[in-house]
Amino acid sequence: TRSFFRHLCAQGHFVMDVAYRLKPETDIVDMVGDVKRAVAWLKAHAADYGIDPERIVLAGGSAGGHLSLLAGYTPHHSTLTPEDVHGVDLSVRAVISYYGPTDLRAFYDYTDWGHMARPDGIFTKIDRSPFLQRLLPGGDAPDQMNFKKGVEALSHLFPGAPDEEPEWYALVSPVEHVHSGCPTTLLLYGGGDFGVPPAHALAEKLRAAEVTVVSIVFPQAEHGFDALPQWSP
């Protein structure tokens, strides 16, 4: 991300790189809370950095895109907002999501999580995906990017099948939090993404709510196409 951040700064933008807590220290609800705390902090210190607190854009890739959408769409949600920032203005001007999950039910089905979570499931998935083969050369060889640990951590998103936990899936799905006051949204997704489907349903729901949205799907592009372009056409 550093070259991208330098490019933005050279254009006059201010970049705050947010480090939210991870599993097992916390769960996704508090991860969203950490993003909101960052928004609150930046607004409180806007004058120190010479920025306009009304022109904040949340942006992230993959899990960061998911959290950006959730935080941007739910500034007043009681469950997804920490008590220490209740009543604080957490609104943002826009949200950018690079291949972030938008509907956890669709995410569950798209990844075939019911099978992938089983001991042999991940290796079946690897055999079918050139992207995962690059992450795990030789299948069970050294995991250079801790992908298997990532799959273990991801399981906290799926406490059960969607029909078993409908309230949970609704809570952590940005598509379920769309309303007419949502910030302008830019959705950037890969058409060949091994794990996250394009955000068509979210884009349609935003348009129906008359929220400005631009949705772009790059044909054949894989997850992480912006950070590691050698993995995609």
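1. Let's begin with disulfides: the count is zero, taking a disulfide as a pair of cysteine sulfur atoms within 2.5 Å. Please keep in mind that this is a predicted model, where local features need pLDDT of at least 70, side-chain atom pairs count only at pLDDT 80 or more, and totals for chains, interfaces and linings use all residues. Residues are numbered from 1 along each chain as its sequence is written, and side-chain values use heavy atoms, with hydrogens and water left out.

2. Two cysteines to look at are C9 and C182. C9 is partly exposed at 40% relative accessibility, while C182 is buried at 8% (buried is under 20% relative accessible area, exposed over 50%, partly exposed in between; 1.4 Å probe, protein chains only).

3. On to the rings: there are eleven aromatic pairs (Phe, Tyr or Trp rings, the six-membered one for Trp, with centres within 6.5 Å; planes under 30 degrees apart are stacked, over 60 edge-to-face, the rest tilted). One of them is the tilted pair of F107 and F158, with 5.6 Å between centres and 55° between planes. F107 sits in helix 5 (residues 104-110) and F158 in the loop between helix 9 (147-154) and helix 10 (166-171), so their contact ties together parts 51 residues apart in sequence. Helices here are DSSP runs of H or I, at least four residues, numbered from the N terminus. Both F107 and F158 are buried.

4. F218 and F225 also make a tilted pair, at 5.1 Å centre to centre and 55° between the planes. F218 is partly exposed, at 32% relative accessible area, whereas F225 is buried, at 14%. Ring pairs join F218 and F225 with Y98 and Y99 in a cluster.

Terms used:
Helices (H or I, at least four residues) and strands (E, at least two) are DSSP runs, numbered from the N terminus.
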